[in-house]
Amino acid sequence: MLDHDKCMKLLLKDFNVQFHEAFKTAVEHYLQGEWEKAAVYFNDAMKIRENDGPSKSLMVFMEKFGFKKPDDWQGFRELTE
């Protein structure tokens, strides 16, 4: 199906397994409040996809806190932008 379905081909055109694994692991650490570990994996992801918006955005956010989760961290942040 993946070889013949035009929509699936389009969706998977730029799919990179290494990027996906690094990003997924980074997000897991981010949600758990392990921001120093998350930063390592976001950096790995951005070595593969340099201009990845979500990775950059989360890195900028964590950097504001010195890559240490705030005391009131609940595993998420409110998106205001």
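Modeller: A residue is called buried under 20% relative accessible area, exposed over 50% and partly exposed in between, with a 1.4 Å probe and protein chains only. This is a predicted model, in which local features need pLDDT of at least 70 and side-chain atom pairs count only at pLDDT 80 or more, while totals for chains, interfaces and linings use all residues. Residues are numbered from 1 along each chain as its sequence is written, and side-chain values use heavy atoms, without hydrogens and water.

Colleague: Why is Thr 25 called buried?

Modeller: Thr 25 has a relative accessible area of 19%. The limit is under 20%, so Thr 25 counts as buried.

Colleague: Where does Thr 25 lie, and what lies 2.9 Å from a polar atom of its side chain?

Modeller: Thr 25 is in helix α2, residues 17-32; helices here are DSSP runs of H or I with at least four residues, strands are runs of E with at least two, and both are numbered from the N terminus. The backbone oxygen of Glu 21 is 2.9 Å from a polar atom of the Thr 25 side chain. A polar contact is a pair of N or O atoms within 3.5 Å; within protein, one must be able to donate a hydrogen and the other to accept it, and residues adjacent in sequence count only if both atoms are side-chain atoms.

Colleague: Which residues are buried in α3, and how are they placed around its axis?

Modeller: The buried residues of α3 are Trp 35, Ala 38, Ala 39, Phe 42, Ala 45 and Met 46. Their arc is 125°, so they too line one face of their helix. They pack against α2 and α4, the latter being residues 53-63. The length of α3, residues 35-48, also agrees: 14 residues should span 20 Å, and the end C-alpha atoms are 20 Å apart.

Colleague: What makes Glu 21 and Lys 24 a salt bridge?

Modeller: The rule asks for a side-chain nitrogen of Lys or Arg within 4 Å of a carboxyl oxygen of Asp or Glu. The N to O distance here is 3.8 Å, so the pair qualifies. Both residues lie in α2, three residues apart, about one turn of the helix. Glu 21, at 39%, counts as partly exposed, and so does Lys 24, at 36%.

Colleague: How many salt bridges does the rule give?

Modeller: Three. One of them joins Glu 36 and Lys 68 at 2.3 Å, N to O. Glu 36 is in α3 and Lys 68 in the segment after α4, so this pair ties together parts 32 residues apart in sequence. Glu 36 is partly exposed at 47%, as is Lys 68 at 47%. Lys 47 and Asp 44 also form a salt bridge, at 3.8 Å, N to O, with both residues in α3.

Colleague: Why is Lys 47 called exposed, and what is Asp 44 called?

Modeller: Lys 47 has 69% relative accessibility and counts as exposed, because the limit is over 50%. Asp 44 has 29% and is partly exposed.

Colleague: Is Ser 55 buried or exposed, and which residues does it touch?

Modeller: Ser 55, in helix α4, has a relative accessible area of 0% and is therefore buried. Not counting residues up to four places away in sequence, Ser 55 touches Phe 19, Phe 23, Phe 42, Ala 45 and Met 46. Its side chain also makes a polar contact of 2.6 Å with the side chain of Asp 52.

Colleague: What does the chain come to in secondary structure and in buried residues?

Modeller: The chain has four helices and zero strands. Buried residues make up 27% of its 81 residues.

Notes
The expected span of a helix is 1.5 Å times one less than its number of residues. The arc is that of the directions from the helix axis to the C-beta atoms. Contact means heavy atoms within 4.5 Å.
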